[in-house]
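User: Could you take me through this model? I would like to ask about it piece by piece.
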Amino acid sequence: MTPHDIEHSAPDETGSDKLSLVERYRLQTWFLGIIAFSMILFLLVQARFILISLVIAIILFALTADAITAFSKLRIGSWKITNWLASMAAFTLIAVVLLTLSAIVISQVNTVVTTTLTYTDQAIAAVARLAALYSPEAEAAVEASIRSIQVSSYVTAAAGQAGNLLSATTLVILFVGFLFAERLWFNTKLENLLHDRAKAQRVGRIIHSIVRRVNHYLLVKTGVSLATGAAIYVLMEAFGLDFAAPMAILTFVLNYIPSVGSIIATILLSLVALIQVPEPATALLIFVIAGMVQFMLGSVIDPMLMGRALRVSSFGIIVSLSFWGAVWGIPGMFLAVPIMVAIMIVCSHIPSARPVAVLLSREGLPDFEDDDIPAAQGFGRPAE
C-alpha cells in the first residue's frame with residue numbers, strides 16, 4: 001500500500017491521523033531499506049572470493065564478446081569462422097593469458113620473498129637515515145621500533161596470499177567458460193524474462209553502453225599501465241637496481257587503482273631505491289624521475305586517451321575506492337571504477353534513481369550519446 005492509498009483508504013480520519021499513517025509507512029520503508037542494504041553488504045563480504053571472481057569473469061567475457069562477433073562474420077575463402085570456433089579460441093586465449101600472468105606473478109613474489117630478508121638490515125638503516133635528518137635521537141628510536149616488527153612473518157603472509165592467486169584464476173576461467181556457453185541464448189533469455197521485446201532491446205542497449213564504457217576504460221588503462229611499467233623497468237635497470245621486474249609488474253598492477261595506485265607505486269619505488277643506493281640524492285633523483293613518468297602518463301596521456309568515455313566524478317571515484325576497498329579489499333579497489341560506471345549508467349535509465357547518476361557523473365550529465373546503438377550489436381549477441 002502506497003502513501004496515496006493510505007490517504008484515500010480512511011476518509012473519516014483526521015489530517016493528523018493520516019499524516020501519522022504516511023509517516024509510519026515511510027519509516028517502515030526506510031527500515032526495510034536499511035535491513036536490505038545490511039543483508040546485501042553481509043553477503044558481499046562473506047561471498048567476496050566468489051563474487052570477485054565472477055565480476056572479473058564478466059569483465060573478461062565482455063571484453064571479448066564484440067571481438068567474437070566480428071571474427072564470426074569473417075570468411076576465409078569459402079570457409080566461414082563459426083561462432084562456436086571463435087568462442088573456443090577466445091576462451092583458450094583467456095585461459096592461457098590468465099595462467100601465464102598468474103605464474104609470472106607467483107614467480108616474482110617468490111623472488112622477492114627469497115631476497116627481501118637479505119635487505120632487511122639495509123632497509124632499517126635507510127629508514128633510520130631519513131629519521132636522522134630530524135635528530136640523532138629520532139634515528140635510534142626509529143631503528144629500534146622497526147627492529148621490533150617481525151618482518152619475516154609479514155613477508156610469509158604476503159607469499160601465502162599470492163598462492164591464492166592460482167585458485168582464484170582457476171575459478172575465473174571456469175566462470176568465463178560457462179558465460180561463453182550461455183552466450184548464444186542471452187538475448188532469448190532476456191526477451192523471455194521481460195516478456196517484452198522492446199524492453200529487452202532497451203536493456204540490451206543499457207548493457208551494451210556499460211560494456212563499451214568499461215572496455216574502453218580497461219583498454220586505455222592497460223596501455224598506460226604497460227607503458228608506465230616498462231618505463232619503471234628501464235629506469236631501475238639504468239641505475240643498476242635490483243627488483244626491476246617485480247617493481248615494473250607492481251607498478252603495472254597498481255596503476256589500475258585510480259589516483260592512489262600511482263602514488264603508492266612511486267613511494268615503494270623510492271623506498272627500494274633508498275635501500276639499495278648509498279646516496280640519498282640518487283634516491284631522490286629516482287623519485288623525481290618516477291614521479292614525472294607517473295604524472296605524464298597518468299595525468300596527461302591517460303585523460304587524453306580516455307576522452308569522454310568515463311565521465312565520472314573524481315569524488316565519486318574516491319568514495320567508490322573507499323567502499324569497495326573496505327568490502328572486498330585490494331581486489332575491490334581494482335574493480336571500483338568499472339562497478340561505478342555500471343551503476344551510473346543503470347541509474348541514468350531509472351527515473352527514481354537518476355539523482356544517483358547525476359551525483360556520480362562528472363558534469364552532472366549522466367546521459368550517453370551511444371545509447372541509440374541497436375540492441376543487436378549488444379552484449380552477447382551471436383552472429384547471424
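Predicted model: local features only at pLDDT ≥ 70, side-chain atom pairs only at ≥ 80, totals over all residues.

User: Let us start inside. How many residues has the largest nonpolar core, and which have the most contacts inside it?
Analyst: The largest nonpolar core has 33 residues. Those with the most contacts inside it are Val312, Ile317, Trp324, Trp328, Leu335 and Val341.

User: Which elements give two or more residues to this core?
Analyst: They are helix 3 (48-71), helix 9, helix 12, helix 13 and helix 14 (354-360). Helix 13 gives the most, with 14 residues.

User: Where are Phe91 and Phe180 in the chain?
Analyst: Phe91 belongs to helix 4 (residues 83-116) and Phe180 to helix 7 (residues 151-182). The pair links distant parts of the chain, 89 residues apart.

User: Are Phe91 and Phe180 buried or partly exposed?
Analyst: Phe91 is partly exposed, with 24% relative accessibility, whereas Phe180 is buried, with a relative accessible area of 7%.

User: Back to Trp324 and Trp328: what is the geometry of their rings?
Analyst: Their ring centres are 4.9 Å apart and their planes stand at 45°, so the pair is tilted.

User: Which residues form an aromatic cluster?
Analyst: Phe61, Phe91 and Phe180 form one aromatic cluster.

User: Changing topic: how many salt bridges are there?
Analyst: There are three salt bridges. Lys189 and Glu182 meet through their side chains at 2.3 Å, N to O. Arg197 pairs with Glu191, with the closest N and O atoms 3.0 Å apart. Asp302 pairs with Lys221, where the corresponding distance is 3.2 Å.

User: What does the bridge between Asp302 and Lys221 tie together?
Analyst: Asp302 lies in helix 12 (residues 280-306) and Lys221 in helix 9 (residues 197-238), so the bridge ties together parts that are 81 residues apart in sequence.

User: Are Asp302 and Lys221 buried or exposed?
Analyst: Asp302 is buried, at 6% relative accessibility. Lys221 is also buried, with a relative accessible area of 10%.

User: On to the surface. Which residues form a nonpolar patch there?
Analyst: The patch consists of Leu250, Val260, Ile263, Ile264, Ile267, Leu268, Leu271 and Ile318. Together they have about 590 Å² of accessible area.

User: Which helix gives the most to the patch?
Analyst: Helix 11 does, with six residues. Val260 is found in helix 11 and is partly exposed, with a relative accessible area of 30%.

User: Which residues of helix 11 are buried, then?
Analyst: The buried residues are Gly261, Ala265, Thr266, Leu269, Ser270, Val272, Ala273 and Leu274.

User: What end-to-end distance does helix 11 have, and what should it span?
Analyst: Helix 11 (residues 260-276) has 17 residues, which at 1.5 Å a residue should span 24 Å. Its end C-alpha atoms are 25 Å apart, which agrees with that expectation.

User: Last topic, the backbone. What is the phi of His195, and where does this residue sit?
Analyst: The phi of His195 is near 60°, a positive value in a residue other than glycine. His195 sits in the loop between helix 8 (186-194) and helix 9. The residue is exposed, with a relative accessible area of 71%.

User: And what about the phi of Phe243?
Analyst: Phe243 has a positive phi of about 65°, although it is not a glycine. Phe243 is in the loop between helix 9 and helix 10 (244-254). With a relative accessible area of 17%, Phe243 is buried.

Note on methods: Residues numbered from 1 in each chain as written. Heavy atoms only, no water. Helix = DSSP H or I, 4+ residues; strand = E, 2+ residues; numbered from the N terminus. Expected span 1.5 Å × (residues − 1). Buried < 20%, exposed > 50% of the residue type's maximum accessible area, 1.4 Å probe, protein only. Patch = residues over 30% accessible without salt bridge, like charges linked within 9 Å, V, L, I, M, F, W, Y side chains within 5 Å. Areas by Shrake-Rupley, 256 points an atom, 1.4 Å probe, with all protein chains shown as cover. Salt bridge = Lys/Arg side-chain N within 4 Å of Asp/Glu carboxyl O. Phe/Tyr/Trp six-rings, centres within 6.5 Å; stacked < 30°, edge-to-face > 60°. Core = buried A, V, L, I, M, F, W, Y, C linked by side-chain atoms within 4.5 Å.
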